[in-house]
Amino acid sequence: LLVAFPLSFLLMISVLSLRWVRWIIPTLPFLCILSAYAIDKSARWLAARNSMRVGVAVGVFLLGMILVPLGLADARFAREVSGTDTRTEAGQWILDNIPAGSPLLMEINAPQLPKDSYTFFYVADGGVVQLDLNAHKHSIYRPIGGWSNRLSDLQNAGEITEQRIEYIVMSDFYDRYLAERDAHPQEVAKYEEIMRLGVLIFETESSVGQNRGPTIRIFKVPIASPVDGARS
């Protein structure tokens with residue numbers, strides 16, 4: 001029974017097209033019990049054939065092989081979560097370097113900022129939508145619409161310049177799609193089309209053992225003045 005559940009569960013999640021690391025959590029109690037049983041049986045078997053000292057030493061060694069890597073991983077995780085998240089870093093850079101009131105197109109999982117600090121836009125239903133401050137109950141801007149706020153869902157990238165958006169704040173969905181370009185060619189192409197509209201002015205990413213958070217990129221989009229637009 002202890003072997004049947006984790007084995008069947010792992011087989012089930014392995015055939016899915018989407019996989020999250022946390023999905024393995026239900027199997028951990030079973031794997032811990034099996035590991036403890038294996039260590040205990042090994043130590044008892046050696047103690048019976050050699051000496052109690054040998055059995056205990058082997059048991060401690062096997063236990064250490066499991067606990068030491070886990071302890072080091074926990075220590076690294078603690079350092080990372082105590083560091084400055086990339087979204088916090090990017091959010092502070094925006095407040096320090098982008099003039100208040102500027103129009104920003106924000107992707108989901110991007111920095112959270114005071115809702116009255118800028119003119120916020122987001123992607124919804126395939127188009128660019130301006131945030132309604134009166135309808136937004138939070139004091140901090142949060143994307144409305146959940147996962148549909150990915151920039152790759154924007155049907156017409158030209159809306160960005162049509163609505164005279166000056167800055168694009170992009171999270172790491174581009175990197176996720178790029179890692180599986182063959183499976184998501186359209187999404188990658190859409191992101192790269194959007195990135196070509198502007199100039200990269202800021203980028204930050206997490207560092208192993210230092211901090212956590214998605215890669216954040218900020219692009220400045222050159223906006224033609226109304227006079228220039230009329231002349232062109």
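This is a predicted model: local features need pLDDT of at least 70, side-chain atom pairs count only at pLDDT 80 or more; totals for chains, interfaces and linings use all residues.
Are Y118 and F120 buried or exposed?

Six strands form an open sheet with mixed pairing, and their order is β3-β2-β1-β4-β6-β5. The edges are held by β3, residues 127-130, and β5, residues 199-204; each has a single partner strand, so one side of each is left without a neighbour in the sheet. On average, neighbouring strands are turned by 25° against each other, direction ignored. Within the sheet, β1 (residues 103-106) and β2 (residues 119-124) run parallel and are joined by 3 bridges. Here P103 stands opposite T119 in β2. Helix α4, residues 86-97, lies across β1, β4, β5 and β6, and runs at about 135° to β5.

Consider I168 in particular: leaving aside residues up to four places away in sequence, I168 touches L105, L151, I160, I194, R217, I218, F219 and V221.

My next topic is the aromatic residues. The whole structure contains 7 aromatic pairs. One of these is the tilted pair of F5 and F30, at 4.8 Å centre to centre and with 40° between the planes. F5 belongs to helix α1 (residues 4-14) and F30 to helix α2 (residues 28-49), so this pair ties together parts that are 25 residues apart in sequence. Through ring pairs, F5, F9 and F30 are linked into a cluster.

This brings me back to the opening question. Y118 and F120 form an edge-to-face pair, with 6.2 Å centre to centre and 75° between the planes. As for the answer, Y118 is buried, and F120 is buried as well.

Finally, two arginines deserve mention. R22 lies over the face of W20, at 4.9 Å from the ring centre. R176 lies over the face of F173, at 4.5 Å from the ring centre. Thank you for your attention.

Definitions and conventions. Residues are numbered from 1 along each chain as its sequence is written. Side-chain values use heavy atoms; hydrogens and water are left out. Two strands pair if DSSP finds at least two bridges between them. Helices (H or I, at least four residues) and strands (E, at least two) are DSSP runs, numbered from the N terminus. Axes are lines fitted to C-alpha atoms, for helices over the stretch in contact, and angles run from 0 to 180 degrees between N-to-C directions. Contact means heavy atoms within 4.5 Å. Rings of Phe, Tyr and Trp (its six-membered ring) pair if their centres lie within 6.5 Å; planes under 30 degrees apart count as stacked, over 60 as edge-to-face and the rest as tilted. Buried means under 20% relative accessible area, exposed over 50%, partly exposed in between (1.4 Å probe, protein chains only). A charge sits over a ring if NZ of Lys or CZ of Arg is within 6 Å of the ring centre and within 35 degrees of the ring normal.
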